[in-house]
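Biologist: I have the file open now. Can you walk me through what you computed from it?
Modeller: Go ahead and ask.

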Amino acid sequence: MRIVAFGTYQADSHPRVAVLIEGLRAHGHEVVELNEPLGLSTADRVGMLQRPWRLPVLAGRLASRWYRLWRRGRAQLRTARPDAVLVGYLGHFDVQLAALTFRGIPVVLDHLIFAAGTAIDRGTRQGLRTRLLSVLDRRALAAADVVVLDTEEHRRQVPPDLQDRAVVCPVGADARWFAAGRSAAPDPAPGEPVRVAFFGLYTPLQGATVIGAALGRLAGRDDLQVTMIGAGQDLAATRGRPARTLRWSGATWCRLPSCPP
């Protein structure tokens, strides 16, 4: 199959779509990327909901990216008509453009998160804004022919009348991670500490503060060495959990890109 990966996704910060593309290629499918990154993080987008006067920034960026995506999409149709279109993560708006640009071609939406749930998770009170985001979720799901979720629990959040479109593809990792694992140091010798690394965003979705609290309960152990790598809105709260719970000196805190090897 010839598949077009389409949208304003940002694979460098949200590698989910890169994993899907790599998996499709590994199964023998041809994947062409039509990508115009929006340049806004999830935190930026949620922040706009909390400060609506910044929404014109999102609209302006989206319009410029969409114009380029539309032109590239039309050019792709003239060159070789794809069998399917994959809209990358955070594609709530992009899926609408994909459906218009590639009429008659199946559109697959990687719906890793629900906008309404994420906004609530990040401090937005339930009300008009979350209701509007629920409508956005619904419209995005309805615009797709296939909806890809990461867990069975998320699949069950899809409205009943759209359940037949929903499939589950767990979050994975690209080949670089597996190569790194194969080349990693051997298991620790007896007496050496177990080394654990967290790599990701410090957000409610990742449960970062829960990890911090759990590590705080392990304070004083000399058989565990933990490295926490990343950044995000919950960094300070996560880092403070162990300090508030117990003295915890068995971890190295660092933020990209200044982490030690």
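Biologist: Is strand 1 buried or exposed?
Modeller: This is a predicted model, and in it 6 of the 6 residues of strand 1 are buried, so the strand is largely enclosed by the rest of the structure.

Biologist: Which residues of strand 1 point which way?
Modeller: Arg2, Val4 and Phe6 point to one side, while Ile3, Ala5 and Gly7 point to the other, and all are buried. In a regular strand the side chains alternate between the two faces of the sheet.

Biologist: How many bridges does strand 1 make with strand 2?
Modeller: Strand 1 and strand 2 pair in the parallel sense over 6 bridges. Ile3, for one, has Val31 in strand 2 as its bridge partner.

Biologist: What is the strand order in that sheet?
Modeller: The order is 2-1-3-4-5-6, in an open sheet of 6 strands with parallel pairing. Strand 2 (30-35) and strand 6 (166-168) are the edge strands, each pairing on one side only. On average, neighbouring strands of this sheet are turned by 25 degrees against each other, direction ignored.

Biologist: Which strands of the sheet does helix 3 touch?
Modeller: Helix 3 packs on the sheet and touches strand 1 (2-7) and strand 2. The direction of helix 3 makes about 150 degrees with that of strand 2.

Biologist: And strands 4 and 5, how many bridges there?
Modeller: Strand 4 (residues 107-110) and strand 5 (residues 146-149) pair in the parallel sense over 3 bridges. Val108 has Val146 in strand 5 as its bridge partner.

Biologist: There's an aspartate in strand 4, Asp110. Buried or exposed?
Modeller: Asp110 is buried, because its relative accessible area is 1% and the cut-off for buried is under 20%.

Biologist: What is Asp110 in contact with?
Modeller: Leaving aside neighbours within four places in sequence, Asp110 is in contact with Arg16, Leu20, Val87, Gly88, Tyr89 and Val148.

Biologist: Back to the helices. At what angle do helix 3 and helix 4 pack?
Modeller: Helix 3 (residues 55-79) and helix 4 (residues 94-101) pack at about 30 degrees, and their axes are 10 Å apart. Angles under 35 degrees count as roughly parallel, and these two helices are therefore roughly parallel to each other. Helix 3 passes helix 4 in a right-handed crossing.

Biologist: Which residues make that contact?
Modeller: On the helix 3 side, Leu62, Trp66, Leu69, Trp70, Gly73, Arg74 and Leu77. On the helix 4 side, Asp94, Leu97 and Thr101. By class, the contact of helix 3 with helix 4 has 6 nonpolar, 2 polar and 2 charged residues.

Biologist: Say more about Leu97. What does it touch?
Modeller: Leu97 touches Phe6, Trp66, Leu69 and Trp70, not counting residues up to four places away in sequence. Phe6 is one of the buried residues of strand 1. Leu97 is itself buried, with a relative accessible area of 8%.

Biologist: And how far is Leu97 from Tyr67?
Modeller: Their C-alpha atoms are separated by 9.8 Å, and the two residues are 30 apart along the chain.

Biologist: How does helix 4 sit against helix 6?
Modeller: The axes of helix 4 and helix 6 (residues 128-143) come within 9 Å and cross at roughly 30 degrees. That makes helix 4 roughly parallel to helix 6. Helix 4 passes helix 6 in a left-handed crossing.

Biologist: Which residues meet there?
Modeller: Val95, Gln96 and Ala99 in helix 4 meet Arg139, Ala140 and Ala143 in helix 6. By class, this contact has 4 nonpolar, 1 polar and 1 charged residues.

Biologist: Last one, the totals. How many helices and strands does the protein have?
Modeller: The protein has 10 helices and 9 strands. Buried residues make up 41% of its 261 residues. Of the contacts with a separation of 6 or more, 68% are between residues 24 or more positions apart.

Conventions: Residues numbered from 1 in each chain as written. Predicted model: local features only at pLDDT ≥ 70, side-chain atom pairs only at ≥ 80, totals over all residues. Heavy atoms only, no water. Axes fitted to C-alpha atoms, helices over the stretch in contact; angles between N-to-C directions. Helix = DSSP H or I, 4+ residues; strand = E, 2+ residues; numbered from the N terminus. Parallel < 35°, antiparallel > 145°, perpendicular 65-115°, else oblique. Left-handed = near helix turned anticlockwise from the far one by under 90°. Contact = heavy atoms within 4.5 Å. Nonpolar A, V, L, I, M, F, W, Y, C, P; charged D, E, K, R; others polar. Pairing = 2+ DSSP bridges. Buried < 20%, exposed > 50% of the residue type's maximum accessible area, 1.4 Å probe, protein only.
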